[in-house]
Amino acid sequence: MTRYAMVIDTLVCIGCGDCVTACKAENQMPDGLTRDWVVEKTTGEYPNLSTEFRSERCNHCSHATCVYVCPTGASHYWRDTNIVLVDGGKCTGCKACIASCPYDARLIMHPEGYVDKCTFCHHRVEKGLDPACVSTCPTHCMYFGVLDDPASEVSRLLRTRNYKTLLQETGNQPNVYYLT
Amino acid sequence: MKRREFLKTSAFIGAGAIAAPVLMGGCASGVRRPGNGEVTVSPTICDICFWKCAGLVYKDDGRPWKVVGNPNDLHSRGRLCTRGTSGLGAYEDRDRLKTPLLRVDDNGEQSFKSVTWDEALDYIAAKLQKLAADHGPEKLALFSHGSGGGHFRHLLKAFGSNSYVAPSFAQCRGAREVAFKLTYGEGIGSPDRTDMEHSRCIALIGSHLGENLHNSQVQTFATALHNKAKLITVDPRFSVAAGKSDYWLPIKPGTDIALLLAWMHVLIYEDLYDHDYVKRYSHGFSALKEHVEHFTPEWAYPITTIPAAQIRESAHVMAANAPATLVHPGRHVAWYGDDTQRLRAVAILNALLGSWGKPGGYYMQEKVNLPKYPVPEYPKITARVQDANKGKYPEAYAGVSTAMFDASIGPDALYKAWIVYGTNLPLTVPGVVGRLQEAVDSLDLLVAIDIQPAEITGYADVVLPECTYLERYDTLRNSAEKQPSLALRMPAFKPKYDTKPGWWIAKQLGERLGLGEYFPWQDYKEVLEWQLKQVGSSLAEMQKIGLKTFPRKTPLYFSEGEDIEFNTPTGKIELYSTQLAKLGFDPLPKYTVHQEPQPGYYRLNYGRAPAHTFGRTQNNKYLFEIMPENVVWVHPRVAREWGLENGRYVKLKNQDGVESNHIRVRVTERIRPDSVFLAHGFGHTAAGLRLANGRGADDTSLITNIQHDPIMGASGMRANFVTFVEEEV
């Protein structure tokens, strides 16, 4: 399996939401639905404070519970990668994947009748482009690449910087990394 | 992914004009893939804010798809911001103005009637001709903000008036421009000439970069963060930038000048300033030295609440990284009425650090020498826009909007007709909500030209619907920048509804006013073609590439030890301002005490949110989705005292009894207990803006105590205080 990873530098992210609107435009998302979102977490007391912004989305887990629970095979890995997609034609809308996703990364329902989610912009990835959010971010705080390639920028960052993933304890092996 | 691959694709877009169908291998996964149809690309200049980023509009099988940055553009660097990325929302807005509207009176019942363009334009022309005949053409004033304004400035001057005003002067960055002109002989300009990508240290004085999303400012700021430049942020609020800072100085609001003077004191009395630079280029150092002698950090501490040690340490960091230390000039600086003096202090501090003209500080801008399309000379006009100031504000080199309001009321008014282009005055100019009605009652004619039924259109006699930036040609963008460049805005789509481009509206009015010789083109493309030919390009070329860069002819920075003649009376950087001395103002900045809140009141701080531009974008459905309304930031202690709950609505009431619309409370540690904060631009009252109407609170209407800067007329807005009023259920 080729593992694609997204690495997001929280020390640079300003929480502007451009990743959200870029995704919305690129993927022509219906009104009211977004595949990514920004979380702000402030800790401490005035004036000893710290704020972390995180651009969040599907973690394209190497062990994706949504893929394993899907009764129809609609949730699947794209080609031989960790990119998790939903085949709209096979999705019955049973919502097992929504319940099983620890990141709440699945939209309730696309108006065309299937559960929708981030695709890591696989339609761009197969053309050698970064996902729309990464290529639009005005702070260049987002990186995308192949984790198995030690020469990739994402590998280099994870070798040289402190990072975390979200809900590591679920065993889902998420592939969105946050530099801290 | 490597960036090289991205650029390669972009280069294809640029060179190939665009289009070859992109065939994708079906839809094996069952998920529809965007860009599956015939993809076409055309250039634009974004108009969602006034940074004017060059962009590319993508269509998929002729349907609007997305707008992205032009990779060759220094304003966008290939990446549009949150708002620019949502540009299609302006085009798609179902609430757009759709036809010209004329105010009609039916037995005392006023309403707007849809009329044809001919009816609307004839009506305006008749009114203006009568105005010129009865009172003179100089009685016409233009309020404008935005890139289409040039067409109407041209019309105004041809008609015989010089009176145009942009709120960006008195309500925004005017004090900064004046202060730097007084000091260096030149202003900062827009885009700001800050060289943050090379800065080793940046000090922000209340500037909330990141929330204020001026594209290349934020991108170069982010570059500085990537480069681990030292960041010092002075802000009473734990802003996004404060959260990225090495030093956050949570200053007591209104005391910035005390801090700036103390920093100067440390640099001078600890001998940390740039001796050679100061000696070579500046005037008045010894006077400055004497002036700041007693302004020690210990003096500043009780005023600012910033401990002396922190003031010293941050000054040391600035000095250690000089001249690549940028004391940032900010942008919206109309705060307390002594704004020119505060920005003078910023300018002086930069001079002590030797950063003006140096990498990491301020660079020298250059634009393209682009000839104007030949038209007859404008009529000679003696009336000046400054006449409205009635002898006040001697350094106001541009119109002061609050003074223009005052000069438009009453029988002896200087102005009897307004054209308001893309400027939503009620949510822009503070303290004018009542004045606006008075002005409107006094004016013979108010024409509003806009793309949406903003509040100002409700005051107009005639409303002209412009098409959006995605549907029109406009003047070429020729911004002074690091690299001179020209950028083209061209229509990606046909104008929706019965809307027209600004250039067409101006020409039609011009012809009806007998000024046809000033508009000798049938189509604005002729103007663009002619101008582009003069600089060795063509419209056809620009339609393909969107943006063309030109070589610099002047240096970007000062060279080592170079002799420079500054455009000031002494030819030097004026630490001591001979011009201010001559005008009777303090030639060196002084700290003045500002008003404090009464018990139970909190200082009203306001600012930008990255998802919105002023009050212009709240009805854009994409931006509405990520920020539908603003919230009022309240410190937890204050929330406890008042029993305010996170997420609950309250109303704000200011010191003069003005009440806001309801607004949700955000209880957060990120605000000082003596202040509240809300994002500007919300609380719309225009029923035609169906998404934005009634959402959140309008800060501008709460700003009724305006501290006018006596030097240049800035509307200081930060001496306003609010308390909480429970919402009636």
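**Exercise 1.** Which residue is the bridge partner of B:Val39 in S2(B)?

*Solution.* Before we start: this is a predicted model, where local features need pLDDT of at least 70, side-chain atom pairs count only at pLDDT 80 or more, and totals for chains, interfaces and linings use all residues. Residues are numbered from 1 along each chain as its sequence is written, while chains are lettered from A and ligands numbered from 1 in the order in which they are written.

Step 1: S1(B) and strand S2 (residues 54–60) of chain B pair in the antiparallel sense over seven bridges; pairing takes at least two DSSP bridges.

Step 2: read off the partner. In S2(B), B:Val39 is bridged to B:Asp60.

**Exercise 2.** Is B:Glu629 buried or exposed?

*Solution.* Step 1: locate it. B:Glu629 sits in the loop between helix H21 (621–626) and strand S20 (631–634) of chain B.

Step 1: apply the cut-offs. Buried means 20 or more other C-beta atoms within 10 Å of the residue's own, exposed means 12 or fewer, and partly exposed is in between, with C-beta atoms placed from the backbone. B:Glu629 has 20 C-beta neighbours inside 10 Å, so it counts as buried.

Step 2: check who's around. Setting aside neighbours within four places in sequence, B:Glu629 is in contact (C-beta atoms within 7 Å) with B:Arg664, B:Phe682, B:Arg695 and B:Gly696.

Methods:
Helix = DSSP H or I, 4+ residues; strand = E, 2+ residues; numbered from the N terminus. Contact = placed C-beta atoms within 7 Å.
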